[in-house]
Amino acid sequence: MYYFDVCAIPLFLMILIVCYSRKMTKGNANRLFLLMTFLSLISALADLGMVIVARQLPLTETECVLEAAFAYAYLLFHNITNAVLLLFLLSLTRMTSLFRKSWVKLGFILPNAVIFLLLLQNPFTHTVFTVTPEAGYSRSILMPLIYIMAGIYGIGGLIYCMFSGRFLARNKWVSLLCMYLLSYAAVVIQFFRSELLLEMFFDGLGIMGVMLSVMRPEERMDSMVGMESWKSFQEDLSKILRSGEHVQIVVIRLPNSREILSYLGDHQYNEYISLIGNNLQGLRWKHLRGVELYFERPGTIYLTADGNDAELESIVERLHSEVGTGLQEYADNGVRFEPQVCLIHCPDDLQKAEDIISLSHRFHLFDAHREGLIRASEIVHSRVFSIESNMEEILKRAVREHHIQMHYQPIYNVRAGRFQSAEALARIVDPEYGLISPAIFIPAAEETGLIIPIGDEVLDQVFRFISEQNLDALGLDYIEINLSVAQCMQRSLPEKFQRLKEKYGVDPGRVNLEITETTFENISEVVSENVNELIRMGFTFALDDYGIGYSSIQRVNHLPLKLIKIDKSMLDEVSSRSGRMILEHTVRMMQSIDKQLVVEGAETRDAVDILENMDCDFIQGYFFSRPLPAEEFVTFIQKQKSR
Ligand code: C2E
Ligand code: MG
Ligand code: MG
């Protein structure tokens, strides 16, 4: 009755073939799964060997030796499989860091060590089993001890499995539990019907089930690059954090990944990334536990390792050169490997998954010019980081408790030789964090939708400012207000302006609204309806940030704009010949289609001279004044006027 054992063998073989063909060979869990299947296959072969040899009694002397050899192989490999299975479970639930404690390590090794010793002494004492020509294989007095030792792994694994439900998706947990239950069922059946030899076959079924529902490479792996996927990283990250154990995360970001991708094309790019992955694997991580690689498209690799090891830091510091040398072929073709690397210690630096992910996406912004390793510990204690981490709360508080303060920056009319208008720029004055720049909070407000209430507050303050000041006396024609895309998409926008106009008695000609080109890239028709309606009411529009990204003169020509504002980045390039030519031609082009022009960001006398020589209409910049709080601004303008 060895049919079941015979069935088990192709089953294990098939699992192995499928694993290899689906490239389930990388990562700890995959490797342990393969090892477990392989050991099971050997155990099944040994088990089958025992049955075949003992088909006819009495045994010859050679048959006795063979039978004993198969028995040793079976007992050894089958018991190691139990231990590997437990390791596999721990690896799936990201709990291998437990092994840093020496008593866990010892407790784990001990039962197998006992089994090993028992088998080692058996040839001399025959206390575990004997093989005789007449009776073949038969168990001896110490065999129950082997069962007990094996049972420790089995029962330990089952208990761990039952309690690990919260670390695993439900279907995965169920199939792991089924694997254990099948194995136990086989043991029980075989106890009563020992001729059935169900055990290996049932183990095979259990492993097959796990392969189908737990080891899903299409879910876990980015098989194009041979690393685990971004989704797996997110899953594993929450497991890691729940375990509370120390883990190090190395974020390796390729800042030029999009360019490389478009240069190499999909296929070659994947090969390039998998080569980087292989080179990373090849570094000397050996003594580090739990090293896993994950890939987030387009170009970020995450490496996790258990523990809190200074060794990792020194490897990471050399990462650029060590990995880079393996990429010579690509470097020769102009693909530079210039990773930005950040090291995060969990849970010391950060404790929440969303904070870790958010830092991984933004760490380079905190220290854009630094080469080499950036430590999360240095960033998380900075002011900007704590502001960004608490942004939503700061924004809500700013709206609720009126922490928005408007500053005004004068705009200089070159031909008239005086300040003719000003731009209103928002700041948050937070009781905890102090003055916060709009460069930080406006993008966050746009993401969270809080830009609407913040924008409302801005409009209210600026309209009030205009109504309270005598702009004519100050020599100012109008004030510019920045409008975000989301504000322009509101159906109620014209009504809002109508209400403000009436509430403060402000002439719409005093308000010039700044919008950007992205506003018009928006598919919604509401935007153009709003713009037209506001123009009909008497408000005017300016295009902000011209020259960032893909600006189009064609579009500018067709839009109802009174003014174009050239972004500071264009002025920054003016020191080079080509940069100067571009600015000069832009000025000419705008004038040829009758658009007035403001150049932003003039910080020095030289910059102002250059712009005056180019005959540009308006200049805005720190050279004249930084944005000032309302009262200071008014004093500044009055002083300038009286000169
Ligand atoms: P923006 O509309 O392009 O405003 C010009 C920015 O350039 C301001 O930065 C201004 O302080 C800065 N600037 C002016 N002259 C110079 C100079 O000579 N050198 C340098 N380095 N910078 C100069 P700020 O105030 O930090 O505002 C940043 C951006 O935040 C603004 O860029 C605008 O897009 C946005 N923003 C500011 N206030 C509001 C608002 O009330 N609503 C909306 N939706 N966006 C706003
Ligand atoms: Mg602006
Ligand atoms: Mg601008």
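Biologist: How many salt bridges does the structure hold?

Modeller: There are 27 salt bridges in the structure. The term stands for a side-chain nitrogen of Lys or Arg within 4 Å of a carboxyl oxygen of Asp or Glu. This is a predicted model, in which local features need pLDDT of at least 70 and side-chain atom pairs count only at pLDDT 80 or more, while totals for chains, interfaces and linings use all residues; side-chain values use heavy atoms, with hydrogens and water left out. Residues are numbered from 1 along each chain as its sequence is written, and chains are lettered from A and ligands numbered from 1 in the order in which they are written.

Biologist: Which residue meets Arg297 in a salt bridge?

Modeller: The partner of Arg297 is Asp222, with a distance of 3.0 Å from N to O. Arg297 belongs to the loop between strand E6 (292-296) and E7, and Asp222 to strand E3, so that the pair links distant parts of the chain, 75 residues apart. Such labels refer to DSSP runs, numbered from the N terminus: helices (H or I) have at least four residues and strands (E) at least two.

Biologist: Is Asp222 buried or exposed?

Modeller: The general idea is a set of cut-offs on relative accessible area: buried means under 20%, exposed means over 50%, and partly exposed lies in between (1.4 Å probe, protein chains only). Asp222 counts as buried because its relative accessibility is 13%.

Biologist: Which parts of the chain does the pair of Asp472 and Arg510 tie together?

Modeller: The side chains of Asp472 and Arg510 meet in a salt bridge of 2.8 Å, N to O. Because Asp472 lies in helix H20 (residues 471-474) and Arg510 in the loop between helix H22 (493-504) and strand E14 (511-515), the pair ties together parts that are 38 residues apart in sequence. Asp472 is exposed at 52% relative accessibility, whereas Arg510 is buried, with a relative accessible area of 19%. Salt bridges may also share partners: Glu423, Glu480, Glu514, Lys565 and Glu600 are joined in this way into one network.

Biologist: Where does Lys565 find its bridge partner in E17?

Modeller: Strands of a sheet pair through backbone hydrogen bonds, either parallel or antiparallel. Two strands are said to pair if DSSP finds at least two bridges between them. Here the bridge partner of Lys565 in E17 is Val598. Strand E16 (residues 563-566) and E17 run parallel and are joined by four bridges. Strand E17 (residues 596-600) is mostly covered, with four of its five residues buried.

Biologist: Which residue of E18 stands opposite Val598?

Modeller: Phe618 of E18 stands opposite Val598. E17 and strand E18 (residues 618-620) pair in the parallel sense over three bridges.

Biologist: What unit do E17, helix H28 and E18 make?

Modeller: A crossover is right-handed if, with the strands pointing away from the viewer, the path from the first strand over the helix to the second runs clockwise. E17, helix H28 (residues 605-613) and E18 make a β-α-β unit of this right-handed kind.

Biologist: In what order do the seven strands of the open sheet stand?

Modeller: The order is E3-E4-E6-E7-E5-E8-E9, with mixed pairing. Strand E3 (221-222) and strand E9 (373-375) are the edge strands, each pairing on one side only. Within the sheet, strand E5 (residues 247-253) and strand E7 (residues 300-306) run antiparallel and are joined by seven bridges. Gln248 has Ala305 as its bridge partner in E7.

Biologist: Which domains does the domain assignment give?

Modeller: Domain bounds come from an automatic or database domain assignment. For this protein the assignment gives domain 1 (3-215), domain 2 (219-387) and domain 3 (390-642).

Biologist: How many residues of domain 1 are in contact with domain 2?

Modeller: Contact means heavy atoms within 4.5 Å. By that rule, 21 residues of domain 1 are in contact with 20 residues of domain 2. Buried area is the accessible area (1.4 Å probe) that two parts lose on being put together, summed over both. Domain 1 and domain 2 bury about 1,900 Å² between them, 43% of it on carbon and sulfur atoms. Lys26, Arg94 and Arg100 supply 37% of the area that domain 1 buries against domain 2, more than any other three residues. Across this interface of domain 1 and domain 2, the rule finds zero salt bridges.
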